[in-house]
Amino acid sequence: MVDAQLVLQLLVSGIVIGSRYALVAVSFGIIYSTTRIFHLAHAGTYTMAAYAAIVVATMWGAPLWLGVIAGLVVATLVGALIEIGIYQPMRARSATKLAMFLASLGLSIVISSAMQIIFGPQNLSLQRVPNNTYFLGNITITSLNIAEIVVGWLAIGLLLLFLRRTQYGRAINAVRTNPEVAMAVGVSVNRIYLLVMMIGSFLVGIASLLFLMGNVAYPTMGLTPILIGFIAVFLGGTDNVPGAALGGFVLGLATSLSGIWLPGDFASVVVFGILFIVLIFRPQGLLGRAAV
Amino acid sequence: MLNDYTADIAILILIYIALGASLNLLMGYAGQFSMAQAVFYGIGAYATGLLAVNLGWSPAFAIIGAVVVSFVSAGILALPAAKRVSGEYLILLTLAFQVVVNQLMNSMRGLTGGPYGFTVPWLTIGGKDFISPVDYLPIMVGGCLLVLLITWGLGESPFGRVLKGIREDERAVGSLGKNTTVAKLLVFGIASGMAGFIGGLAAYYYQFIAPGTYSLDLSIFVVSIIVLGGIGNLTGTIIGAIILGGLRPFLQNVDFIGDENSYPWQAIIYGLALILLMMFRPEGLLPEGVGISSLWKRRGGAGSARVIPPPAAAAPGGSPLATAPAATPVAARPDEIVRVEDIAKSFGGIYAVNGVNLALRENQITALIGPNGAGKTTIFNLITGTLTPDRGHVYLRGKEITGKPPDEVARMGMARSFQDTRLFRRLTVLQNVAMAVPHQPGENVVSLAVRPIYSRKMEEETRARAMGYLELVGMQDKANEPVANLGYGEQKVVAIARLLATESEVLLLDEPTSGIDPAVLDDMITLVLRLKALGRTICVVEHSLHVVERLADHVVFMEEGTVTAEGTIAELTGQQRLVEVYFGT
């Protein structure tokens with residue numbers, strides 16, 4: 001018999017994990033849907049945000065909020081530097097999408113290796129993160145969990161609002177739909193790409209810091225969340241932000257609920273299984289339109 | 001010089017060469033991509049170890065088992081991607097597979113020993129033990145040579161030609177009657193099977209298997225080797241493996257780095273190499289088709305030099321056309337070769353084709369004319385299976401072919417050309433035409449392995465046939481030129497030769513004269529009339545009424561997705577309304 005309380009507890013943690021993945025997915029989705037680059041170095045951005053916060057708040061002993069700001073600033077800067085230093089010159093040389101992916105791949109391994117050399121392979125953590133545990137009957141949820149859910153969806157909501165209501169947001173949407181036409185009507189496509197890289201990197205910084213408050217940092221910490229973010233984007237349909245959020249949420253919920261039947265180590269198999277089945281039967285994604 | 005230390009490094013580099021070569025078959029020839037090469041290497045190692053330890057299989061059988069396991073798992077993995085053209089799916093799928101299987105190696109403690117792995121007995125053959133690196137080196141040399149031989153042999157075979165075609169233009173390969181899905185699955189399976197094979201050999205050498213070896217880092221490393229050497233260049237892969245494989249032994253001996261940090265330093269170097277190469281020299285050290293000597297030559301045109309294969313032997317036994325099925329006598333065939341009944345297709349609620357009936361009569365030229373957007377090319381797409389109709393039926397010689405995929409339709413005897421030729425630009429004219437020749441044993445991997453000499457002989461015949469078609473269209477002098485070097489008019493002619501080489505009895509020509517020089521227009525018209533004289537049944541989409549007048553036996557006039565008139569060209573041009581619709585007023 002399935003234990004009802006276990007199911008409820010897994011549901012709660014599924015919502016937490018799902019919110020985390022939703023934010024990561026949206027942060028990658030906005031970049032991928034606009035630039036069409038398979039931006040694997042996003043994992044490096046995620047990692048560097050966490051290490052920046054640890055350096056400031058743990059190693060230098062500064063207050064936590066300064067660490068958070070440092071992490072977000074570093075993430076945004078890393079995204080901007082990748083765009084200006086690598087992607088933009090490659091685009092100018094009309095590099096193929098595969099070439100840009102390979103450069104991104106190279107960068108992701110450079111970042112994780114550099115972190116290992118500088119900080120060592122061991123786990124590092126933020127200290128002094130306030131946290132309370134609440135009991136709802138026998139089900140537990142922490143204040144950090146609640147913060148993760150609230151901040152994650154708030155960030156996604158604000159992004160959607162930004163895309164729909166502001167001039168820059170509409171310019172991003174124009175570039176996403178058709179870069180040539182956008183260029184023809186006077187949108188500076190390169191500036192939009194830079195903006196999008198900064199927004200996506202900022203968002204993944206938020207996701208990274210929320211994760212770090214309850215967990216630890218290590219050099220390859222970015223790989224799994226970013227990979228799940230990728231999968232979520234392809235599940236949700238590669239050209240819509242709500243789809244990416246939904247994809248991430250579904251994946252988080254599924255990995256957590258799979259704990260009813262499977263040991264926790266096998267959660268990633270569930271993610272892969274979902275990807276495999278969706279790609280076979282619904283290649284355009286769950287919310288995507290069928291390609292002609 | 002050859003001691004256990006150097007032999008150990010040599011073995012590692014041989015492993016990298018083999019992993020790189022097998023992945024290059026996938027990336028360089030077929031234009032596919034895999035981020036999972038390390039995990040297939042690992043699957044081979046685990047399968048070998050588990051079969052040897054748990055089931056007591058002998059080394060040879062354990063390794064064969066490992067090859068089968070990695071081949072089959074790769075085939076299944078590639079299933080969803082093989083049906084689609086988009087490369088991103090393959091990246092995502094293989095990346096996810098790499099990470100998940102690597103985690104499983106960690107998690108399935110009962111089977112794999114978890115993060116600490118398990119040990120494998122050393123290799124013993126006929127009472128002799130192979131334990132030390134020096135003793136094991138010849139075995140790894142043999143294994144690596146075998147992988148290189150298979151990769152090179154497949155790459156240069158007719159199967160390799162199909163792979164290159166898939167890389168250039170997958171839909172065009174399908175239109176020539178080749179099943180690209182099977183070819184893609186096979187090449188994925190073979191590349192991964194070879195990685196599994198090397199994994200088995202490595203398991204016996206290291207006598208220890210643990211998940212850390214088969215991580216994403218190794219997959220990225222193998223990709224870096226190929227990219228450094230040059231995608232599609234096997235010599236380049238060997239050089240890349242030596243350079244990057246020699247990094248760590250070098251770094252270990254650098255004072256301030258030391259043994260522990262040599263891994264991340266190695267990763268930083270090949271990661272940086274990947275970034276810089278992609279930014280400044282995406283073709284790698286040795287571009288495709290360039291030999292090693294170009295590295296020493298001063299600016300010998302590294303980008304442009306190409307190895308052009310020697311011309312094919314002359315056709316044995318007369319014209320290849322004599323054996324083409326459509327050239328058989330015309331008698332005893334029903335008149336209607338192709339019959340289209342009430343076919344329709346809508347895009348987003350708007351009908352591109354709506355209720356068209358059409359018949360192509362034997363050995364006649366039927367012309368489809370009408371204003372732009374009338375649905376002429378859509379008709380071609382519908383009857384060759386590129387698009388599936390919403391309703392209606394297509395029959396070829398009385399057999400229903402509605403909804404069959406393009407490659408199957410082509411094999412049944414109906415092939416089409418494309419308005420923009422869709423030739424394989426980086427392949428030679430002869431390779432383009434040879435790709436279309438049906439029934440090539442060399443395209444079958446099993447036949448290549450079991451009957452290599454026969455396959456090679458048949459390949460000569462294929463080339464001779466292709467040469468025959470080139471002579472027929474007058475392009476034999478350009479046989480060994482890459483298509484990209486040809487003028488547009490010449491490309492159009494080569495496209496006709498390629499279409500003819502499919503030996504289909506029904507040929508659909510999509511605007512054969514569009515975009516060509518008026519001076520060679522007559523040649524093209526003569527050529528199409530010659531196809532008719534060879535007994536082919538032809539349908540042509542054509543804009544120029546002068547061309548239609550000279551070619552067509554029967555003309556079908558289309559407007560807004562429906563047929564509004566048909567007859568001879570004289571009958572149609574006699575109707576004032578049609579002329580107005582056609583030319584606009």
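**Exercise 1.** Determine the handedness with which α1(A) passes α5(A), and then describe their packing and contact.

Solution. α1(A) passes α5(A) in a left-handed crossing, a term used when the near helix is turned anticlockwise from the far one by less than a right angle. The model is a predicted one, in which local features need pLDDT of at least 70 and side-chain atom pairs count only at pLDDT 80 or more, while totals for chains, interfaces and linings use all residues. Residues are numbered from 1 along each chain as its sequence is written, and chains are lettered from A and ligands numbered from 1 in the order in which they are written.

Next, helix α1 (residues 4-35) of chain A and helix α5 (residues 143-165) of chain A have axes 9 Å apart and pack at an angle of about 30°. α1(A) and α5(A) are therefore roughly parallel to each other, the word for angles under 35 degrees.

Finally, the residues of this contact between α1(A) and α5(A) divide into 11 nonpolar, 3 polar and 2 charged, where Ala, Val, Leu, Ile, Met, Phe, Trp, Tyr, Cys and Pro count as nonpolar, Asp, Glu, Lys and Arg as charged, and the others, Gly among them, as polar.

**Exercise 2.** Find which residues of α9(A) meet α11(A), and describe how the two helices cross.

Solution. The axes of helix α9 (residues 223-236) of chain A and helix α11 (residues 267-281) of chain A come within 10 Å and cross at roughly 30°. α9(A) and α11(A) are therefore roughly parallel to each other, and α9(A) passes α11(A) in a left-handed crossing. On the side of α9(A), A:I228, A:I231 and A:L235 meet A:V271, A:I274, A:L275 and A:V278 in α11(A), contact being C-beta atoms, placed from the backbone, within 7 Å. By class, the contact of α9(A) with α11(A) has 7 nonpolar, no polar and no charged residues.

**Exercise 3.** Work out how many residues each chain brings to the contact of chain B with chain A, and which helix of chain B gives the most.

Solution. Chain B brings 35 residues to the contact and chain A brings 36 residues. On the side of chain B that touches chain A, α4(B) gives the most, with 14 residues. That side of chain B has 27 nonpolar, 5 polar and 3 charged residues.

**Exercise 4.** Decide whether α9(B) is mostly covered or exposed.

Solution. α9(B) is mostly covered, since 14 of its 14 residues are buried (20 or more other C-beta atoms within 10 Å of a residue's own).

Methods
Axes fitted to C-alpha atoms, helices over the stretch in contact; angles between N-to-C directions. Helix = DSSP H or I, 4+ residues; strand = E, 2+ residues; numbered from the N terminus. Parallel < 35°, antiparallel > 145°, perpendicular 65-115°, else oblique. Buried ≥ 20, exposed ≤ 12 C-beta atoms within 10 Å, placed from the backbone.
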